[in-house]
Amino acid sequence: MQSRNFILFFSLSFLTMSLFLADLAWGSIHISLSEMIATFTGNGQDGINSEILLNFRLPKAITAVLAGASLSVAGLMMQTLFRNPLADPYILGVSSGASLGVALITMASAFLPVVLVNSGWAMILAAVIGAALVLLLVVGVSFRIQNAVSLLIVGIMFGTIAGSIVSVLQNFSNPDAIKLFVMWTFGSLSAVTWTYMQVLLPVSLIGIGMAFFLQKRLDGLLLGENYARGLGVPIIQTRFLIVIATGLLAGGITAFTGPIAFVGVAIPHIARGIFRTSGHKILLPATILCGASLLLVCDIISQIPTYTLPINTISSLFGAPVILWIILKRK
Amino acid sequence: MSVLSTHNLSIGYSKKRSKTIVQPALNLILQAGELVCLIGPNGTGKSTLLRTLAGLQKPLDGKIKIDDDELENLSHHEKAMLIALVLTDRVDIDNATVYDIVSFGRHPYSNWRGSFSEEDEKQVREAIEMVHLTQKRDDCFCELSDGERQRVMIAKALAQDTPIIMLDEPTAHLDLPNRIEIMLLLHRLSHKTGKAILLSTHELDLALQAADRIWLMSNAGVECGVPEDLVFNGSFNRTFESKYYFFNEANGNFSMNYPMTRKVWVTGDKTRMYWTLRALARAGYIVVSDAEFTITINQNSWILNEKEFSTVKDLLDELAILSA
């Protein structure tokens, strides 16, 4: 078992790294491996290619890795917390909350100071606050109801309310602002510049770090909250920390890349399938590697046509069949 | 030696301002090395008491003491070292083996990453051995029968290495052989390991046989005692009083109260007597000596009115014709 896991982790890490390099190489302009090495070591000849590589493709590839890892980890925590295989930040309205935050920033910008609107911090704060708010409401309700299906409906309802408010905002906004928002909802990995990366990277790393800190408690939650309490897991504190971590991960990523559907729900299942375990000690690193790989693949695919496809579409095309497979498997 | 005691414990639910007291002023004692069965009709608060003693629910009033510490003052972690739980909550974890589930019992002892020491592994192995599942150690939990699953959960509680184990209806959903096996197992474990085991159950006859002591819960409070004492002093009859059934002190079971309007007298073979009486009671006959008809039980048949019957059905049919 140990050696099997080691081989799997080794292969997955190798796959992720290869995909990362492939993602850097592919695009409308092909950049060879030797050119990459030259650029990274500071011996680059071609100014344009190294410019594309360093300031466009590299942050984009890192964003793909961060987004894939963060959304997958957030999805894993949601599935464990709600003990529902179909739970993910998107389904429970976290991403809708983030959308609402971003909608307020982009479309209600007329009422806000310009400095605030143009700063990366404002975007990420709005999205994180929106995401955490919806998630807190969902968790608040979860204290009252035990049934996971009802809770899912509650999450969807909060998401719908957030969506409706976004529609109302759109109704009162000028076309430019609406277009800005709609473009955001398509999802894009290339919007993250190095400046934004200074915000996104620590937020993601803190969220993932929290998940690792919570791994034993997450394991305890697998047995259900009563059993977990009997094993000494402080439930209320743990729920709260999971909410914060998920808010940071899902909210943070969604703020900069737009909503990326299905990654959060699909990847944990793929990781469970590959590693044949439910233990978070294995699943956390496994979801990170699988999530990063999947989004890198999505990004590579989205660049194949001459006109770049929105990342949200590609991830849905991958994710929806996985959900179907889960339902059919569970009967 | 008392490991757990309650002092004027009042249990129930509080919602905002209103309090619903299910049981007031309970003074109970749980001793090391004994199996205590908590029984009583539905709605008297068995689960509430168990949940309160386990620390899953706050008491409305009074104290629960484990050794000399008050339960409320203990941290989650300290509680987990004292009380292990087996609940009715369904456990459904993808890919988890028997070993994985039992390992959860070591949760309070492992480090923050959940890594196991040799002692942890030894405890898990021994717990699995104690419930006789060593052969199924690496089997998927989802493939086990209900009885085996329950034994795995008991092993989890054993691995937790606590002086107290509490089980909420551990025999529910099990067939008779499995119910007996679980009760026997718990009885043996309490005596062998010196743990105090408290369980709630609806299986009266099993509880009467296996329990060292019984906590009999009714709306009037909780009566504690050795099962037989509670039978003799009429506590069972009082607790389960109904016009539809009665607690049969002869066999520790419930018997149904049929409206018996017709009289008949029965003599003869002792082994068939019990079943004959049951059939007659169901058909509405009371057995009295001044009856008009007399049934004589032979080795293989019944005789009524000088006719011989080989089945109970024929006997009852004849009786119906005669009484009509």
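How many residues does the contact take from chain B and from chain A? In this predicted model, chain B contributes 21 residues and chain A contributes 20 residues to the contact. On the side of chain B that touches chain A, helix H2 (76-82) and strand E7 (83-86) of chain B each supply at least two residues. The most is given by H2(B), with 4 residues. Divided by class, this side of chain B comprises 12 nonpolar, 5 polar and 4 charged residues.

Chain B itself is divided into two parts, with domain 1 spanning 2-244 and domain 2 spanning 262-323. Taken over C-alpha atoms, the centres of domain 1 of chain B and domain 2 of chain B are separated by 46 Å.

In soluble globular proteins, nonpolar side chains tend to be buried together. The largest nonpolar core holds 162 residues, and its members that touch the most other members are Val73(A), Met77(A), Leu38(B), Ala155(B) and Met166(B). Helix H3 of chain A (residues 47-82) gives the most to this core, with 16 residues. For Ala155(B), when neighbours within four places in sequence are left aside, the residues in contact are Val102(B), Ala127(B), Ile128(B), Met130(B), Val131(B) and Leu133(B).

Another core, of 8 residues, lies apart from the largest one. Among the members of this other core are Val264(B), Leu280(B), Tyr285(B) and Leu315(B).

Technical notes
Residues are numbered from 1 along each chain as its sequence is written. Chains are lettered from A and ligands numbered from 1 in the order in which they are written. This is a predicted model: local features need pLDDT of at least 70, side-chain atom pairs count only at pLDDT 80 or more; totals for chains, interfaces and linings use all residues. Domain bounds come from an automatic or database domain assignment. Two residues are in contact if their C-beta atoms, placed from the backbone, lie within 7 Å. Ala, Val, Leu, Ile, Met, Phe, Trp, Tyr, Cys and Pro count as nonpolar, Asp, Glu, Lys and Arg as charged, and the others, Gly among them, as polar. A nonpolar core is a set of buried Ala, Val, Leu, Ile, Met, Phe, Trp, Tyr and Cys residues joined through C-beta atoms within 7 Å. A residue is buried if 20 or more other C-beta atoms lie within 10 Å of its own, exposed if 12 or fewer, and partly exposed in between; C-beta atoms are placed from the backbone.
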